[in-house]
Amino acid sequence: MKKLIIYIVIPFLCISNSNVLNGEEVAPDGFKNIAIENSGPYKTTLQMSPPEPISGPVKFALIISEINSESPIMDAKVEFFAEPEKGEKQYTPGLNSPEFKNIYIGMLELDKPGLWTIEAIIKSSLGEGNIIVPIEIKKRSRGDNFIGGNILFIIVTIIFISIPLWLRKESKKALAKKKN
């Protein structure tokens, strides 16, 4: 029995930790690593949420550490920029929190589908660095299944109206039988 458990548990653990075994850095739930690189004196990991972005708000997280010592950089000034193929460049500062001092977060409204260029600029006492990454923003598809959604709404509405009417009719039949 113990051998059976070992033969089942060990492969499961290997499969579930395949990102760690492949040497990939694991992103937290809801985020996707889009760039892991050295930039100036920094080792950086740029993440975004949602992992498959659609038109709308997109959150970026930049994890910064020193290249040589791997110690976290907690006093950097981080700026996020996003520029579509055609349109104006957007800006937001990257802010860190007291709990996660080396993770800088910014949110941008990427409202047009298509290719966007994301740039993160880092400045601290160690020097400057930047990361430039292209990402694809997909079209928001709320109305793609408009007819199917309307049909479903009509069916559900008819059911909600017909059930009480049917119960009332059956109740009247039962009362009529009871009187006879």
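**Exercise 1.** With which residue does Lys32 form a salt bridge, and how far apart are the closest N and O atoms?

*Solution.* Start with the source. The model is predicted, so local features need pLDDT of at least 70 and side-chain atom pairs count only at pLDDT 80 or more, while totals for chains, interfaces and linings use all residues. Residues are numbered from 1 along each chain as its sequence is written, and side-chain values use heavy atoms, with hydrogens and water left out.

Step 1. Take the term: a salt bridge is a side-chain nitrogen of Lys or Arg within 4 Å of a carboxyl oxygen of Asp or Glu.

Step 2. Find the partner. Lys32 pairs with Glu52, and the closest N and O atoms are 3.7 Å apart.

Step 3. Lys32 is in strand 1 (residues 32-39), and Glu52 is in the loop between strand 2 (42-49) and strand 3 (56-66); the pair links distant parts of the chain, 20 residues apart. Strands (E, at least two residues) and helices (H or I, at least four) are DSSP runs, numbered from the N terminus.

Step 4. Check the accessibility. Buried means under 20% relative accessible area, exposed over 50%, and partly exposed in between, with a 1.4 Å probe and protein chains only. Lys32 has 33% and is partly exposed; Glu52, at 46%, is also partly exposed.

**Exercise 2.** Describe the salt bridge of Glu119 and Lys89, then the surroundings of Glu119.

*Solution.* Step 1. The side chains of Glu119 and Lys89 meet in a salt bridge of 3.8 Å, N to O.

Step 1. Glu119 belongs to strand 7 (residues 114-124), whereas Lys89 sits in the loop between strand 4 (77-84) and strand 5 (90-94); the two are 30 residues apart, and the pair links distant parts of the chain.

Step 2. Glu119 is buried at 16% relative accessibility, and Lys89 is partly exposed at 46%.

Step 3. Salt bridges that share partners can form a network: here one joins Lys32, Glu52 and Lys138. The structure holds 6 salt bridges.

Step 4. Return to Glu119. Its side chain is joined to that of Asn130 by a polar contact of 3.3 Å. A polar contact is a pair of N or O atoms within 3.5 Å; within protein, one must be able to donate a hydrogen and the other to accept it, and residues adjacent in sequence count only if both atoms are side-chain atoms.

Step 5. List the contacts (heavy atoms within 4.5 Å). Not counting residues up to four places away in sequence, Glu119 touches Glu79, Phe80, Phe81, Lys89, Asn130, Ile131 and Ile132.

**Exercise 3.** How many aromatic pairs does a search of the whole structure find? Classify them.

*Solution.* Step 1. The search finds 2 aromatic pairs.

Step 1. Phe60 and Phe80 are stacked, at 6.2 Å centre to centre and 25° between the planes. Phe60 lies in strand 3 and Phe80 in strand 4, so this pair ties together parts that are 20 residues apart in sequence. Phe60 is buried at 0% relative accessible area, and Phe80 is buried at 0%.

Step 2. The ring centres of Phe81 and Tyr91 are 5.3 Å apart and the planes stand at 45°, so the pair is tilted. Phe81 is in strand 4 and Tyr91 in strand 5, 10 residues apart. Phe81 is buried at 16%, but Tyr91 is partly exposed at 44%.

Step 3. Check the cut-offs. Rings of Phe, Tyr and Trp (its six-membered ring) pair if their centres lie within 6.5 Å; planes under 30 degrees apart count as stacked, over 60 as edge-to-face and the rest as tilted.

**Exercise 4.** Where is Thr44 found, and with which residues is Thr44 in contact?

*Solution.* Step 1. Thr44 is part of strand 2.

Step 1. With 0% relative accessibility, Thr44 is buried.

Step 2. Leaving aside neighbours within four places in sequence, Thr44 is in contact with Ala35, Ile36, Glu37, Leu62, Ile63, Ile122 and Ile131.
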